[in-house]
Amino acid sequence: MSELKTLPRDDFIIAQDWSAYSAEEHGIWRTLFHRQEEILRERACPEFLAGLVGLGVAADGIPDFRRLNALLGAATGWTIVAVPGLVPDDVFFAHLANRRFPATRFIRRADQLDYLQEPDIFHDVYGHVPMLMNPIFADYMQAYGQGGLKALGLGSLHRLARLYWYTVEFGLIRSPSGIRIYGSGIVSSKGESIYCLESPVPNRLGFDLLRIMRTEYRIDDFQESYFVIDDFDQLFAATQPDFTPYYAELQTMSDLTPGTILPSDVVLHRGKTTP
Ligand code: PHE
Ligand code: FE
């Protein structure tokens, strides 16, 4: 008899059940989509906009994951899988490490267009999936999943989570036409898409890996500081090394509040508090 195999963990995958969406729900998607289309034309980075074009079927209404997956799989080998909501950390990281992106299937209500606490399908799919069409970013997300499993074992997940927050969710990037957005938490929010670039209030600081992993973040309001990468190669290269010694070094350093500016920061914009 073959040796006893550990049973696979529950992967939390459910069917999207695309045919169950109502006309009203498709309408909410289209409203959000067209609103962001206008706002992001001059604000999102070219890679995000190209990903959106590549996933053209996303304009029609709530996309069917089967149709998106045909396009996404051909581009970078990623697959979107439906999950019921937030999943345990180890499950989330294992999906990413296998190039599967867990996405919720519910959409916000018509009276929640501007703000929603938990991620819905507009955030997960419109916000995240276009960047997964980009080969470098696609590799970054997979590496993040592998790094997440490691960080869990090292008790340093809170550090790595800050990197995700300030890059994948709220990242900005330089471009020939000025600073642009790539973070999913921003591109799926009308208010923050404008605020992060145009408001004088938040800091805009150069990307610095260890500095980011020391920095706390806000989950209940627009960010006080955004970190700006030069390009995706910089982000990918900076995160290639083994983080084990970084986590050890960070143990000896204090955490920073979200609005802190250090003498060593590259300050692209020093935030002003509102008068
Ligand atoms: N290189 C990181 C580690 O060893 C993993 C990682 C890659 C983390 C990319 C984030 C992003 O932990
Ligand atoms: Fe997200």
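Which residue has a polar side-chain atom 2.5 Å from an oxygen atom of ligand 1?

Modeller: Happy to! That residue is Lys150, whose polar side-chain atom lies 2.5 Å from an oxygen of ligand 1. This is a predicted model, with local features needing pLDDT of at least 70, side-chain atom pairs pLDDT 80 or more, and totals for chains, interfaces and linings using all residues. Residues are numbered from 1 along each chain as written, chains are lettered from A and ligands numbered from 1 in written order, and side-chain values use heavy atoms, without hydrogens or water.

A backbone N or O atom of Phe243 lies 3.0 Å from an oxygen atom of ligand 1, while one of Gln240 lies 3.5 Å from a nitrogen atom of ligand 1. Alone, ligand 1 would expose 320 Å², and the protein buries 94% of that (Shrake-Rupley, 1.4 Å probe).

Around ligand 1 (heavy atoms within 4 Å) stand residues including Tyr140, Tyr144, Leu160, Leu163, Thr239 and Asp242. Helices H6 (135–154) and H7 (157–169) each supply at least two of the shell residues (DSSP runs of H or I, at least four residues). H6 gives the most, 5 residues.

The iron ion is coordinated by NE2 of His123, NE2 of His128 and OE of Glu169, at 2.0 to 2.2 Å (N, O or S donors within 2.8 Å, or 3.2 Å for Na, K and Ca; without water, sites may look incomplete). Along the chain, these donors follow the spacing H-x4-H-x40-E.

Notes. A polar contact is a pair of N or O atoms within 3.5 Å; within protein, one must be able to donate a hydrogen and the other to accept it, and residues adjacent in sequence count only if both atoms are side-chain atoms.
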